[in-house]
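This report goes through selected parts of one protein chain. Please look at the sequence and the structure first, then read on with both at hand.

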Amino acid sequence: MHLGHHTTKFRMPENTIPKEAAYQIINDELMLDGNPRLNLASFVTTWMEPECDKLMMAAINKNYVDMDEYPVTTELQNRCVNMIAHLFNAPLGESEAAVGVGTVGSSEAIMLAGLAFKRKWQNKRKAEGKPYDKPNIVTGANVQVCWEKFARYFEVELKEVNLREGYYVMDPEKAVELVDENTICVAAILGSTLNGEFEDVKLLNDLLIKKNSETGWDVPIHVDAASGGFIAPFLYPELEWDFRLPLVKSINVSGHKYGLVYAGIGWNIWRSKEDLPEELIFHINYLGTDQPTFTLNFSKGSSQVIAQYYQLIRLGFEGYKNVMENCQENAMVLKEGLERTGRFTIVSKDNGIPLVAFSLKDHSRHDEFELSHHLRRFGWIVPAYTMPADAQHITVLRVVIREDFSRGLAERLVLDIEKVLRELDALPPNGKSMKRPADVANCHAALANGHVAKRLETDKKTNAIC
């Protein structure tokens with residue numbers, strides 16, 4: 001069927017078409033998308049069990065915000081909040097309910113957490129008769145773009161600790177040096193997007209307690225556990241990063257990453273009711289009964305909340321532990337395979353998010369961007385990106401190991417990387433000509449449009465991270 005001129009794609013057509021034709025047109029176009037399972041750039045879940053898929057489809061027409069109409073769905077969300085709070089060692093009494101909220105992802109969760117910190121700081125400053133117009137937040141330069149969005153959208157100065165070669169996470173000592181009386185919180189990352197490494201939240205907590213006692217300040221910590229929140233409790237239970245540390249007042253985690261749910265669910269958990277100012281919570285009654293709400297958006301689907309509850313009760317602690325151990329083992333298979341080639345330096349750590357970040361040892365002939373470009377011929381989407389300031393001269397390739405990435409796929413990827421390297425070795429040196437191949441240019445365009453998780457700032461801060 002011919003739909004006419006090119007502009008038809010950008011204007012609503014005048015006439016209807018058969019439902020079968022509409023389906024076929026869209027299905028044919030979507031065939032040109034990449035294979036989600038071979039998208040090794042993304043942390044987001046790409047596979048769930050058929051039983052969970054059925055539950056999600058059955059709930060796809062439920063608007064979660066209608067709590068009075070769908071009370072069971074609301075109850076499932078509350079159960080999820082409490083399960084996650086206990087997983088993060090929240091100091092709850094035997095029958096005490098946890099304080100938390102489901103969101104569309106960690107970005108919304110971080111916005112809400114940041115607003116709570118800002119409002120609490122402002123209230124304290126007002127009560128003391130001090131200026132409250134210049135709040136700031138301290139992070140590492142490796143933070144995800146949502147922290148920059150929060151700072152810009154809600155007028156908070158972002159004070160970043162720059163990285164350095166060989167140390168690609170926030171240095172707690174340098175972070176505490178940046179803290180002042182206007183700091184609303186320090187944000188620590190449990191699982192850097194760049195190399196998967198966990199920041200030392202325990203050391204940050206101890207240093208900040210010391211500074212607070214010396215200055216009389218009360219600067220708290222937020223832990224961005226978007227990726228690591230569903231990893232650390234199962235792989236590193238002795239690691240102190242959560243509410244066991246007294247200055248940790250809130251934690252966000254992405255259910256749609258290692259929480260093992262499709263895209264569209266995140267969580268924010270507060271230590272106690274005192275850490276979430278009551279004036280930020282709205283109460284509505286026009287949907288039937290009084291309903292408290294603390295979100296940036298209003299309507300959203302119920303499917304992801306139900307899917308999160310399914311995974312929590314279906315897998316339990318044992319199941320999540322098995323999944324995370326399997327991911328970690330497959331990451332080691334990939335890492336060892338890359339090391340055997342003798343061509344790469346491994347930038348990621350063995351302890352952290354199950355991923356492998358690596359750089360070419362020899363850049364005299366070809367670079368990481370070219371390798372990433374050529375791997376697409378085999379269907380693999382492996383991002384190449386430069387580190388933030390002051391390590392922007394380091395270029396890295398990164399492979400995220402998810403639940404559906406098997407040992408066989410890890411071994412296949414190594415073989416394909418070796419094949420690409422042999423092909424590139426047979427080509428003349430690229431000089432600077434391939435420094436920005438077409439797919440990198442496209443990624444930069446995506447960055448500008450907000451589809452990739454780090455902004456482009458000339459060549460200073462480029463992170464093609466999805």
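In an unreviewed entry, UniProt lists Lys257 for "modified residue: N6-(pyridoxal phosphate)lysine". The structure discussed here is a predicted model. In this model, lysine 257 sits in the loop between strand E6 (248-254) and strand E7 (266-270). Is lysine 257 buried or exposed? Its relative accessibility is 16%, and because the cut-off for buried is under 20%, lysine 257 counts as buried. Leaving aside neighbours within four places in sequence, lysine 257 is in contact with Phe43, Val44, Thr45, Ala226 and Ser227.

The loop between E6 and E7 also holds leucine 260. Leucine 260 is not a glycine, yet its phi is positive, about 70°. With a relative accessibility of 2%, leucine 260 counts as buried.

**Helix H7**

Helix H7 covers residues 201-215, which makes 15 residues. From its first C-alpha to its last, H7 reaches 21 Å, close to the 21 Å expected at 1.5 Å a residue. Which residues of H7 are buried? They are Val201, Leu204, Asn205, Leu208, Lys211 and Asn212. These residues lie on the same side of H7, because they cover an arc of only 135° around the axis. The exposed residues Ser213 and Glu214 are carried by the face of H7 that is turned away from its buried side.

What do the buried residues of H7 pack against? Their partners are helix H6 (172-178), strand E4 (183-189), strand E5 (221-224) and E6.

After the helix comes glycine 216, with a positive phi near 85°.

**Salt bridges**

How many salt bridges does the structure hold? There are 20. Three of them are set out below.

| Aspartate 404 | Arginine 37 | 3.8 Å |

Aspartate 404 and arginine 37 meet through their side chains. This pair links distant parts of the chain, 367 residues apart. Aspartate 404 is in the loop between strand E13 (395-400) and helix H11 (407-425), while arginine 37 is in the loop between helix H1 (19-30) and helix H2 (50-58). Aspartate 404 counts as buried at 8% relative accessibility, whereas arginine 37 is partly exposed with a relative accessible area of 38%. Both residues belong to a network of salt bridges that links Arg37, Arg402 and Asp404.

Aspartate 275 is buried, with a relative accessible area of 8%. Lysine 120 is partly exposed, with a relative accessible area of 38%.

Glutamate 325 and lysine 321 are a pair within helix H9 (residues 303-341). Being 4 residues apart there, they are separated by about one helical turn. Glutamate 325 counts as partly exposed at 28% relative accessibility, and lysine 321 is partly exposed with a relative accessible area of 29%.

**Leucine 312 in helix H9**

Helix H9 also contains leucine 312. This leucine is buried, with a relative accessible area of 14%. Leucine 312 and cysteine 80 are 232 residues apart in sequence, and their C-alpha atoms are 7.8 Å apart in space. Not counting residues up to four places away in sequence, leucine 312 touches Cys80, Met83, Phe230 and Tyr320.

**Backbone details in other loops**

Where is there a cis peptide bond? It joins alanine 389 and aspartate 390, with omega about 0°. Aspartate 390 lies in the loop between strand E12 (384-386) and E13.

Asparagine 89 is a residue other than glycine with a positive phi, near 60°. Its place is in the loop between helix H3 (71-87) and strand E1 (99-103). Asparagine 89 counts as partly exposed, at 33% relative accessibility.

Conventions:
Residues are numbered from 1 along each chain as its sequence is written. This is a predicted model: local features need pLDDT of at least 70, side-chain atom pairs count only at pLDDT 80 or more; totals for chains, interfaces and linings use all residues. Side-chain values use heavy atoms; hydrogens and water are left out. UniProt positions are given in the numbering used here, feature names are shortened, and annotations may be inferred rather than shown by experiment. Helices (H or I, at least four residues) and strands (E, at least two) are DSSP runs, numbered from the N terminus. Buried means under 20% relative accessible area, exposed over 50%, partly exposed in between (1.4 Å probe, protein chains only). Contact means heavy atoms within 4.5 Å. The expected span of a helix is 1.5 Å times one less than its number of residues. The arc is that of the directions from the helix axis to the C-beta atoms. A salt bridge is a side-chain nitrogen of Lys or Arg within 4 Å of a carboxyl oxygen of Asp or Glu.
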